[in-house]
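Biologist: Could you walk me through this model before I set anything up with it? I'll ask as I go, and I'll jump around a bit.

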Amino acid sequence: IGGVFNMVSVVLANGTAAGTEINNTATATYNAPNDPNNPLTSTSNTVTVTVAEVAGITVAASGTTLNVDNGTTGQVDPGDAVYYQFTVTNVGNDTTDFRIPDTVDITGPGTLTDPDGPGAGNTRTPIEVSYAGGVTWVPVPPGGLATAPNAPQGSVLVRANVVVNTN
């Protein structure tokens, strides 16, 4: 038995860490036609494939919170501030960091603003990141922010503070 089997392709293994080696050896057992009572075995060469790095992120809306209720109505009215929160998750198979911008595009009647109000004179910014499940928040500085490295399936929360304008 002889032959050559060539395969060239990108190898991806869902859930397997980048750089992991996967080894494969095939074994065949058969009977020769001229000697059917004497089983024969043939073993292939071992093929080693290294799992490629797969990059991927998802961004999913994960809630809104009324930050400033100027009319104390418990509902969103013009002039109130709302946090729009998103979960950014590493769905790749290798550790990566995320680049969080310092601004976002707003569609509809809203304005991105400091969570403590315009001109509050503090270090907070309209975009914030949480590495602690929303318990504490870090302001995104002008120019954006590279997050701490996130393992596969790791995530961070990002929120934007938007003041609702009148139409």
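Biologist: Let's start with a detail: where does Q153 lie?

Modeller: This is a predicted model, and in it Q153 sits in the loop that runs between β11 (145-146) and β12 (155-164).

Biologist: Is Q153 buried or exposed there, and why?

Modeller: Q153 counts as exposed because its relative accessibility is 56%, and the cut-off for that class is over 50%.

Biologist: And what about the phi of Q153?

Modeller: Phi of Q153 is near 70 degrees, which is a positive value in a residue that is not glycine. As background, most residues other than glycine have a negative phi.

Biologist: Let me step back, then. How many helices and strands does the protein have?

Modeller: There are zero helices and twelve strands, and the pattern read along the sequence is accordingly β-β-β-β-β-β-β-β-β-β-β-β. Of the contacts in the protein with a separation of 6 or more, 65% are accounted for by residues 24 or more positions apart. Buried residues make up 26% of the 167 residues.

Biologist: What does the pLDDT look like?

Modeller: The average pLDDT for the protein is 81, and 84% of the residues score at least 70. Over residues 1-13, however, the pLDDT is below 50, and that stretch has ten contacts in the model beyond near neighbours in sequence.

Biologist: Okay, on to charges. How many salt bridges does the structure hold?

Modeller: The structure holds one salt bridge, formed by E128 with R159, where the closest N and O atoms are 2.8 Å apart. The pair links distant parts of the chain, since E128 is in strand β9 (residues 127-130) and R159 is in strand β12, 31 residues apart. In general, side chains of opposite charge can pair when their charged atoms come close.

Biologist: Are E128 and R159 buried or exposed?

Modeller: E128 is buried, and R159 is buried as well.

Biologist: Changing topic to pockets: what volume does the second largest pocket have?

Modeller: The volume of the second largest pocket is about 280 Å³. Its lining comprises 16 residues, and the ones closest to the centre are V59, F86, V104, V158 and A160.

Biologist: Which strands supply that lining?

Modeller: β5 (57-68), β6 (81-90), β7 (99-100) and β12 each supply at least two residues of the lining, and β12 gives the most, with four residues.

Biologist: Now a couple of loops: where is A55, and why does A55 count as exposed?

Modeller: A55 is placed in the loop between β4 (47-50) and β5, and A55 is exposed because its relative accessible area is 72%. A55 and T96 are 41 residues apart in sequence and 8.1 Å apart in space, taken C-alpha to C-alpha.

Biologist: Last one: what about P142, buried or exposed?

Modeller: P142 counts as exposed because its relative accessibility is 75%, and P142 is found in the loop between β10 (138-139) and β11. The C-alpha atoms of P142 and T125 are separated by 8.6 Å, and these two residues are 17 residues apart along the chain.

Note on methods. Residues numbered from 1 in each chain as written. Predicted model: local features only at pLDDT ≥ 70, side-chain atom pairs only at ≥ 80, totals over all residues. Heavy atoms only, no water. Buried < 20%, exposed > 50% of the residue type's maximum accessible area, 1.4 Å probe, protein only. Salt bridge = Lys/Arg side-chain N within 4 Å of Asp/Glu carboxyl O. pLDDT = per-residue confidence, 0-100. Contact = heavy atoms within 4.5 Å. 1 Å grid on protein atoms, 1.4 Å probe; cavity = no way out; pocket = protein on both sides within 12 Å on 5 of 7 lines; lining within 4 Å. Points joined across faces, edges and corners; volume = space filled by probe spheres on them.
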